[in-house]
Amino acid sequence: MLFLVAALLLFGALLGTVAHAPFTFTAVAAVVIAVWLGIFALRERNARRHSSTH
């Protein structure tokens, strides 16, 4: 429960920051995060494929 409260506080702080940031900065940050998550997902999928064949 404490983790949930901390996560919500952090989420609120980040959204508050984004609300005051310029749109171009927000868009660039969103693209960077999306690319990072995509790379992470591909690496995880490849790692699970290779580990299931052993």
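**Figure 1. The whole chain and its accessible surface.** The chain exposes about 5100 Å², and carbon and sulfur atoms supply 77% of this area; accessible areas come from the Shrake-Rupley method with a 1.4 Å probe, and for residues only the protein chains shown count as cover. This is a predicted model, in which local features need pLDDT of at least 70 and side-chain atom pairs count only at pLDDT 80 or more, while totals for chains, interfaces and linings use all residues. Residues are numbered from 1 along each chain as its sequence is written, and side-chain values use heavy atoms, with hydrogens and water left out. The secondary structure comes to two helices and zero strands; helices (H or I, at least four residues) and strands (E, at least two) are DSSP runs, numbered from the N terminus. The C-alpha atoms fill a box of roughly 50 × 35 × 5 Å along the principal axes. The chain has a radius of gyration of 17 Å, whereas a compact globule of 54 residues would have one near 10 Å. This radius is taken over C-alpha atoms, and the globule rule is 2.2 Å times the number of residues to the power 0.38. Buried residues make up 0% of the 54 residues; buried means under 20% relative accessible area, exposed over 50%, and partly exposed in between (1.4 Å probe, protein chains only).

**Figure 2. A nonpolar patch on the surface.** The residues M1, L2, L4, V5, L8 and L9 form this patch, with about 710 Å² of accessible area together. Patches are made of residues with over 30% relative accessible area and no salt bridge; like charges are joined within 9 Å, and nonpolar side chains (Val, Leu, Ile, Met, Phe, Trp, Tyr) within 5 Å. One member, L9, lies in helix α1 (residues 2–20) and is exposed, with a relative accessible area of 62%.

**Figure 3. The salt bridge between R48 and E44.** Side chains of opposite charge can pair when their charged atoms come close. The side chains of R48 and E44 meet in such a pair at 4.0 Å, N to O; a salt bridge is a side-chain nitrogen of Lys or Arg within 4 Å of a carboxyl oxygen of Asp or Glu. A search of the whole structure finds one salt bridge. Both residues belong to helix α2 (residues 23–53), where they are four residues apart, about one turn of the helix. R48 is exposed at 59% relative accessible area, and E44 is partly exposed at 33%.

Figure 4. T26 touches V18 and A21, not counting residues up to four places away in sequence; contact means heavy atoms within 4.5 Å. T26 is partly exposed, with a relative accessible area of 23%.

**Figure 5. W36 and S51, two further positions in helix α2.** W36 counts as exposed, at 58% relative accessibility. The C-alpha atoms of W36 and A21 are separated by 21 Å, and these residues are 15 residues apart along the chain. S51 is partly exposed, with a relative accessible area of 48%. Between the C-alpha atoms of S51 and G12, which are 39 residues apart along the chain, the separation is 38 Å.
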